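Thanks for coming. Please look at the model before I start.

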Amino acid sequence: MDTPNAPNPEATAPAGTSADVNRRLGDLLAQIANGDQSAFAEFYQLTSRRVFGMARRVLIDPELSEDTTQEVFLQVWQNAGKFNPDAGSPLAWLMTISHRRAVDKVRSSQSSTDREAKYGASSQDIDHDSVSDEVGSRLEAEAVVRCLDTLTETQQQSVRLAYYGGLTYREVAEKLNAAVPTIKSRIRDGLIRLKTCLGVS
């Protein structure tokens, strides 16, 4: 089956009433269903301008509209046997296919654009997170470890248990056999020294 390359601007609907037009198109669809290529060529010539017009109204872009027109007629060639005259006219059937194809193309293009945008954003996030943030976090962690070494042993123990162990003042006090006020004082003094060492105001 050779599908014509582009809608013929000279193509017009057959002369006669709407009923005559649809009767002719219905006859052609029946022949197309049997693999008649000349019937397909005539059907294309009579309707391609309308299909292209529908696609162009939805898609705006002429190239996308041509692609969609070709897809519509490929579908006609493959599914002509599914046309049901009781459900509507051949032209209505064809325009429904055209509109659906055009809308699908819009959704596909939008989905592709969204995916590219999402991928671009996620790529930037990954680059930023894995390089900049990780290096920053490691440097901060190294600085904290270095500054912890400047604390007294009792301050270190108290701060580590409270901030790395997640213990409360009372739990730290019980663990180190010290009074709660003593632990609070050690942690407060230790944090002051840590801030000074890290240059945090």
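First, a term: a residue is called buried under 20% relative accessible area, exposed over 50%, and partly exposed in between, using a 1.4 Å probe and protein chains only. This is a predicted model, where local features need pLDDT of at least 70 and side-chain atom pairs count only at pLDDT 80 or more, while totals for chains, interfaces and linings use all residues. Residues are numbered from 1 along each chain as its sequence is written, and side-chain values use heavy atoms, with hydrogens and water left out.

Asparagine 177 is exposed, at a relative accessible area of 73%. Its place is the loop between α6 (169-175) and α7 (180-198); helices here are DSSP runs of H or I with at least four residues, strands are runs of E with at least two, and both are numbered from the N terminus. Although asparagine 177 is not a glycine, its phi is positive, about 50 degrees.

Isoleucine 60 is also not glycine, and its phi is positive, near 70 degrees. This residue sits in the loop between α2 and α3 (62-79). Buried or exposed, which is isoleucine 60? Exposed, with a relative accessible area of 59%.

Now the helix pair. Helix α1 (residues 18-33) packs with helix α2 (residues 37-59) at about 145 degrees, their axes 8 Å apart. Axes are lines fitted to C-alpha atoms, for helices over the stretch in contact, and angles run from 0 to 180 degrees between N-to-C directions. Contact means heavy atoms within 4.5 Å. Among the residues that meet are Leu25 and Leu28 in α1, and Phe40 and Phe43 in α2.
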